[in-house]
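Here's a quick briefing to read alongside the model. It goes through the sheets, the helices packed on them, and a few residues worth a look.

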Amino acid sequence: MTAVGQAARAAATVMAAASTAAKNGALLALARLIRDNAAALKDANAGDITQAEAHGLAAPMVDRLRLTDKVIATMAESCEQVAALPDPIGEITNVRRRPTGISVGQMRVPIGVFGMIYESRPNVTIEAASLAIKSGNACVLRGGSEAIHSNLALWKLVQAALVEAQLPANGVQLVQTTDRAAVGQLIAMPAYVDVIIPRGGKGLIERISQEARVPVIKHLDGNCHTYVDSEVDLALAVKVTDNAKTQKYSPCNATESLLVHAAQAAAFLPLIGKVFADKGVEMRADARAKAILAGVAGAKVVDATEQDWYEEYLSAVIAVKVVDSVDEAIAHINKYGSHHTDSILTTNHPNAMRFLREVDSASVMINASTRFADGFEYGLGAEIGISTDKFHARGPVGLEGLTSLKFVVFGQGEVRS
C-alpha cells in the first residue's frame with residue numbers, strides 16, 4: 001500500500017498539470033472502450049454475481065452488483081458527459097483590487113490524491129475514475145470483494161484509456177487484494193492520500209470515519225422523506241411518491257418515509273396505498289395512517305415503531321405518518337432524517353419555500369422524486385458519492401467537490417508598508 005501511495009502521489013503531479021484536451025481524450029477513449037468491451041465486462045460480472053448469490057448476499061446488494069446493458073451504456077455516457085463539462089482546474093475567480101495595488105483572487109486546483117472505498121456497485125469504478133481524470137486528481141480505488149472481477153476488468157480499461165491519452169496509468173489505481181487490512185492502510189496514509197471517500201453500507205462508513213487519519217467525505221444513511229402537503233395535485237403526488245419509493249428500492253435516494261398532511265390523508269392514502277399494495281410494499285404506519293390504509297384491499301399495513309422513523313430500509317418497506325402542519329413535517333424530517341434528500345409535494349408556494357429554507361438536508365426538492373438526487377441527474381456527469389457533511393462538499397460530489405481553492409495574488413512590485 002505504501003508503493004501504491006507513492007505511485008499515486010507521483011501521478012497526481014502529472015495529472016494536475018494535464019491539459020483539458022488530454023483529460024477529455026482519456027475520457028472519450030474510456031467511453032469507447034467500455035462499449036467495445038461490453039460482452040467481456042458482462043462475463044467478468046457474471047462470475048461476481050454467481051459467487052455473490054452462492055455466498056447468500058442480500059438481494060438488494062446483488063442488484064447493485066449487476067452490470068446490465070443499461071448500466072454499461074450509462075457508464076459510457078457518463079464518461080462523455082464528464083468530458084463535455086467545463087474544466088474547473090485553473091479557473092480564477094473573485095479577483096479584487098486592493099488599495100495597496102495588489103489584486104487577490106482564488107484559483108481552483110485539484111485536491112491531489114483521493115482514496116475511494118466502496119461496496120457492490122462496479123460502475124462506481126468508472127464514476128470515480130472519470131471524475132478523477134477530469135478534475136486532475138490521482139485516485140486509489142478499493143472496491144468490495146464481491147465485485148473484484150468486475151472492478152478489475154473496468155480498471156484495465158481505465159488504464160488503457162489513460163495510456164492512450166499519454167497520461168500516467170497510475171493516475172487511477174485499483175487495490176487488487178481483497179484483504180481488509182489494505183483498507184486500514186489506505187485510510188492511514190496522510191503522506192500519500194489527501195481525502196477518503198467511503199461509499200457503501202453504514203458499517204463501512206462508520207469504520208472509515210472512526211479509523212481514518214485523513215479527512216473523510218461521507219454520508220451514513222439515506223432516510224429520505226416525501227411530504228404531501230395540505231394543498232397538492234393528487235395525481236402528481238401519487239406519481240411522484242410511487243417513483244420515489246418503487247422505481248428502485250436499493251439506492252440511498254429512494255424515499256423511506258412518507259409524511260401526509262391530515263387535510264389530504266383521507267384522499268391521498270387510499271390512492272398510494274393501492275399502488276403500494278399492488279407492488280408488495282409493506283407500510284409501517286402510525287395510528288391515523290393505519291386507520292385509513294386498513295381499508296385498502298391487499299395492503300400490508302403494520303404498526304410503526306419509533307425506530308421506523310429513523311430507518312433506511314433499502315427494500316419494499318416504507319414508513320407512513322400523518323402530520324398536522326408543514327411545521328410538524330419539517331420538524332419530523334430534521335429530527336429523524338439523515339440530511340440526505342427530502343421532497344415536498346405541494347401547490348402552496350409559501351410552504352414550498354419554507355420547506356426549501358428550513359429542511360436541513362443536502363438536497364431539498366419541490367414536486368420531484370427524491371430519486372433525482374444523483375450526480376448524473378444533476379448534470380455533474382457522474383458523482384463520487386453523496387455528502388451529508390456541511391464542510392467543503394455537500395450533496396452529490398462531482399468535479400468541484402474534488403477540487404480546492406487557493407489564493408493567488410497579482411502584483412507589480414508592491415511591498416507592504
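Buried here means under 20% relative accessible area and exposed over 50%, with partly exposed in between (1.4 Å probe, protein chains only). By that cut-off Cys252, at 16% relative accessibility, counts as buried.

This is a predicted model, so to speak with its own ground rules: local features need pLDDT of at least 70, side-chain atom pairs count only at pLDDT 80 or more, and totals for chains, interfaces and linings use all residues. Residues are numbered from 1 along each chain as its sequence is written, and side-chain values use heavy atoms, with hydrogens and water left out.

**Cysteines**

- How many disulfides does a search of the whole structure find? It finds zero, taking a disulfide as a pair of cysteine sulfur atoms within 2.5 Å.
- The cysteine sulfur closest to that of Cys224 belongs to Cys252, and at 6.7 Å it is too far for a bond.
- Seen from the other end, Cys252 is in no disulfide either, with the sulfur of Cys224 as its nearest cysteine sulfur.
- Cys224 is buried, with a relative accessible area of 0%.

**Asn223**

- Helices (H or I, at least four residues) and strands (E, at least two) are DSSP runs, numbered from the N terminus.
- Asn223 sits in the loop between helix H9 (202–211) and strand S7 (224–228).
- Is Asn223 buried or exposed? At 1% relative accessibility, Asn223 counts as buried.
- A polar atom of the Asn223 side chain lies 2.8 Å from the backbone oxygen of Trp309.
- Leaving aside residues up to four places away in sequence, Asn223 touches Glu256, Ser257, Trp309, Tyr310, Glu311, Tyr336, Gly337, Ser338 and Asp342, where contact means heavy atoms within 4.5 Å.

**The seven-stranded sheet**

- Two strands pair if DSSP finds at least two bridges between them.
- Seven strands form an open sheet with parallel pairing, in the order S10-S9-S11-S8-S7-S12-S13.
- The edges are S10 and strand S13 (363–366), each of which pairs on one side only.
- Neighbouring strands of this sheet are turned by 20 degrees against each other on average, direction ignored; axes are lines fitted to C-alpha atoms, for helices over the stretch in contact, and angles run from 0 to 180 degrees between N-to-C directions.
- Strands S9 (residues 282–285) and S10 (residues 300–303) run parallel and are joined by four bridges.
- On that pair, Met283 stands opposite Val301 in S10, and Arg284 has Val302 as its bridge partner in S10.
- S9, helix H12 (residues 287–293) and S10 make a right-handed β-α-β unit: with the strands pointing away from the viewer, the path from the first strand over the helix to the second runs clockwise.
- Helix H13 (residues 326–336) lies across S7, strand S8 (255–261), strand S11 (317–323) and strand S12 (341–345), at about 140 degrees to S11.
- Helix H14 (residues 349–358) lies across S7, S12 and S13, and runs at about 175 degrees to S13.

**The four-stranded sheet**

- Another open sheet has four strands in the order S5-S4-S3-S6, with parallel pairing.
- Strand S5 (172–174) and strand S6 (195–199) stand at its edges with a single partner strand each, so one side of each is left without a neighbour in the sheet.
- Here, neighbouring strands are turned by 20 degrees against each other on average, direction ignored.
- Strands S3 (residues 113–118) and S4 (residues 138–142) run parallel, joined by five bridges, and Gly115 stands opposite Val140 in S4.
- Helix H6 (residues 123–134) lies across S3, S4, S5 and S6, at about 170 degrees to S3.
- Helix H7 (residues 148–164) packs on the sheet too, touching S3 and S5, and its direction makes about 155 degrees with that of S5.

**S2 and its antiparallel partners**

- Strand S2 (residues 103–110) is mostly covered, with seven of its eight residues buried.
- Four bridges join S2 to strand S1 (residues 92–97), and the two run antiparallel; Arg96 stands opposite Val104 in S2.
- The hairpin of S1 and S2 has five residues between the strands, and Gly101 in this hairpin takes a positive phi near 105 degrees.
- Strand S16 (residues 403–410) also runs antiparallel to S2, through eight bridges, and Gly105 stands opposite Val408 in S16.

Notes. Polar contact = N/O pair within 3.5 Å; in protein donor to acceptor, adjacent residues only side chain to side chain.
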